[in-house]
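Let's take a walk through this model together. Have the sequence and the coordinates open as you read.

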Amino acid sequence: MEILQHHQRAIERLVEAYQDDTRFFGLIIGGSVAKGYARPDSDVDFLIIATDEVYARQLAARDLFINRRDLCEYEGGYVDGKIITLDYLHQLAEKGNEPSRAAFEGAFTAYSHIPNLEELLQRIPVYPAAGHDQRIKSFFSMAFMQHWLIHEGQRHGNRYTLMRGASQLALYGARLLLAYNRTLFPYHKWLPKVLATVPEKPVGFVAQFDALINDQTGENASQFFESLKNFQDWGVTDLEAYTWFMTEVEWSWMDGRTPMEDW
């Protein structure tokens, strides 16, 4: 991965600013610079590992951010950091959700006073094997229901339902294919870019994704969903999809489960 020179200089200045600061143990570069997605005007995202005492003090003040423009020499440039603890990284490696894990793809240590920090970072951006089959069925069922919802929205002339259904269909159809490829969901900002990189997907699927987002019609929804449905046997009947939605989404409040939208 090649880092633009002005971003590299900003990283070097970050290291100079904090590596001798006893409040912090280490600094990790993430975001678009680490992933290789950066534009010339992109900011430099980082995580800085604080002592427990410093973290507790910043948390009490509701200030866990470091945002500085003085470390960048390019127009509009800034470094954008979050204050974390070493325990946060250990918990993330053990039980982090997909977007939090995906945030560490490409991440690297700019400086560290912590032994084996790089080894710990390698354990974070790993697709979770546990629950894989259930996620596949859940994502397909949600896509099935959103496809139905879009046609209901079109039948009733309900623009909000069309927009909501299209965004949800695009999301869960994409998440289904990411899971099928055992690829982490990177949250919404990077979803289209990551979807384009997965090797196993229906022909023309990215174009269908774009068409659905740009023009929320029943025709585009059906083209998108049928392409997904015919890609392989997902092991879910229509009745099972309807029943899943009722019991796992509409009724999730009954036993305090996290709504699927927050997975």
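Start with a helix pair: the axes of helix 7 (residues 132–156) and helix 8 (residues 159–180) come within 8 Å and cross at roughly 155°. Axes here are lines fitted to C-alpha atoms, for helices over the stretch in contact, with angles running from 0 to 180 degrees between N-to-C directions. Helix 7 and helix 8 are therefore roughly antiparallel, a label for angles over 145 degrees, while under 35 is roughly parallel, 65 to 115 roughly perpendicular and the rest oblique. Their crossing is left-handed, meaning that the near helix is turned anticlockwise from the far one by less than a right angle (clockwise would be right-handed).

A word on ground rules. This is a predicted model, where local features need pLDDT of at least 70 and side-chain atom pairs count only at pLDDT 80 or more, while totals for chains, interfaces and linings use all residues. Residues are numbered from 1 along each chain as its sequence is written, and side-chain values use heavy atoms, leaving out hydrogens and water.

Zooming out, the protein chain has 12 helices and five strands; these are DSSP runs numbered from the N terminus, with helices being H or I of at least four residues and strands E of at least two. The C-alpha trace spans about 60 × 40 × 35 Å along its principal axes. Of the 263 residues, 46% are buried (under 20% relative accessible area; exposed is over 50%, partly exposed in between, with a 1.4 Å probe and protein chains only).

Now look at two tryptophans. Trp-244 sits in helix 12 and counts as buried because its relative accessibility is 10%. Trp-251 comes in the segment after helix 12 (238–250) and is partly exposed, at 38% relative accessible area.

Finally, a bit of backbone. Most residues other than glycine have a negative phi. Asn-116 has a positive phi near 65°; you'll find this residue in the loop between strand 5 (108–112) and helix 6 (117–122), and it is exposed, with a relative accessible area of 63%. Tyr-187, not a glycine either, has a positive phi of about 75°, and its place is the loop between helix 8 and helix 9 (191–197).
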